[in-house]
Amino acid sequence: MLSFKRAIVLAVFFLTAFILLRQSHTSNDPEPFRKPPPKSEDPKADVGASHNPSTTTYTSGVDTAAKEHVPAQKVIQDMSKMSLYDKLAYQYPYDVETKFPAYIWQTWKWTPASGEFTFRDQEASWTMQHPGFVHEVITDQVAVHLLKLLYAPIPEVLEAYHALPEPVLKADFFRYLILLARGGIYSDIDTYAIRSALEWIPDSVPKESIGLVIGIEADPDRPDWKDWYSRRIQFCQWTIQSKPGHPILRDIVSRITQETLKRKREGLFVSKDKSVVEFTGPAVWTDTIFDYFNDQRYFDMRHSQGNISYLNFTGIVSPKKVGDVVVLPITSFSPGVQQMGAKDYDDPMAFVKHDFEGTWKPESERHIGETQ
């Protein structure tokens, strides 16, 4: 039998445990989800940014917004009444102060375990330079199931992905989708990691102020540049590092989804005037980045000296920080191309080597733009 004294001790113990348990399950109501600022109805209002073209750092409203408290929870909302842009922002919110996820994403027809996989050296370089990272080579079949898992709440994105008629279009779209949802590094399967991504951002730049790292693909300072490239400065999308939910990724996913569904209704996806490069490739990627740099929702334009354009990046030999984006010079992701100012593979700014296999292109088009 329990003595009176033991009964009192047990009663106090259970009462204390009950109170502590009750408190642990009681909290204030979560803060409501903050929608991204609405896009301006006046397209002319969405230009300009506070910057000085001679400097390497640009003033951005992103840095201030990033310091706001981000709630751990969000109120469940009816997504059917949201725009596509708002759905993506709600599903994958952006927090610049988080760490870059330790993921490496690549895509190919076969996995490294297959005997038909011919990029073993390239794939292994990423694992060797990034110990501790989760490194995945995603096949087409796996990509379908992965995207279904990630984007089930946004069916129009899945509809657009399935509607794309060519593998290259799906491959382009996938890189934006996986980085928007999970973040990390995407790099084409025919690339070598020369240096770890831990070295890509200069030590002088706080990692918690950066959400996207991109490189220059092309800087063709020649009169006939339009014969070779789509844009005077072209940002590469064969290698990208990002944190989940970045507004640039949100915007390009919105653009491609809407354009794909439009072309599906029209029954014409790719033609001479609607090329892959313009549809899902580096042209639309470059346009989306420049639109972000000149977006008054993210940048303080009260003292703007004009739009950020290719003039701010042509000829750069060191990284430039624009708000929460680091832009690397052409040497970083295109070393050894022997043109446009790119230096060799042993240069300190050389981070990724691209073999330019272009396996989706006809043989006659695989080396366009190379020095003869």
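**Exercise 1.** Determine whether Lys264 is buried, partly exposed or exposed, and identify its salt-bridge partner.

*Solution.* Step 1. Lys264 has a relative accessible area of 41%. Buried means under 20% relative accessible area, exposed over 50%, and partly exposed in between (1.4 Å probe, protein chains only). Lys264 is therefore partly exposed.

The structure is a predicted model, in which local features need pLDDT of at least 70 and side-chain atom pairs count only at pLDDT 80 or more, while totals for chains, interfaces and linings use all residues. Residues are numbered from 1 along each chain as its sequence is written, and side-chain values use heavy atoms, with hydrogens and water left out.

Step 1. A salt bridge is a side-chain nitrogen of Lys or Arg within 4 Å of a carboxyl oxygen of Asp or Glu. Lys264 forms such a bridge with Glu159, and their closest N and O atoms are 3.1 Å apart.

Step 2. The pair links distant parts of the chain, 105 residues apart: Lys264 belongs to helix α8 (residues 247–266) and Glu159 to helix α6 (residues 155–163). Helices (H or I, at least four residues) and strands (E, at least two) are DSSP runs, numbered from the N terminus.

Step 3. Glu159, with a relative accessible area of 37%, is partly exposed.

**Exercise 2.** Explain why the salt bridge of Glu278 and Arg231 ties together separate parts of the sequence.

*Solution.* Step 1. The side chains of Glu278 and Arg231 meet in a salt bridge at 2.9 Å, N to O.

Step 1. Glu278 lies in helix α9 (residues 276–279) and Arg231 in the loop between β6 (212–218) and β7 (234–235), so the pair ties together parts that are 47 residues apart in sequence.

Step 2. Glu278 counts as partly exposed at 33% relative accessibility, whereas Arg231 counts as buried at 19%.

**Exercise 3.** State how many salt bridges the rule gives, and which residues salt bridges that share partners join into one network.

*Solution.* Step 1. The count comes to 16 salt bridges.

**Exercise 4.** Describe how the buried residues of helix α4 are arranged.

*Solution.* Step 1. In helix α4 (residues 120–129), the buried residues are Gln122, Glu123, Ser125 and Trp126.

Step 1. Seen down the axis of α4, these residues fall within an arc of 150°, so they line one face of the helix. The arc is that of the directions from the helix axis to the C-beta atoms.

Step 2. The face turned away from the buried side carries the exposed residues Asp121 and Met128.
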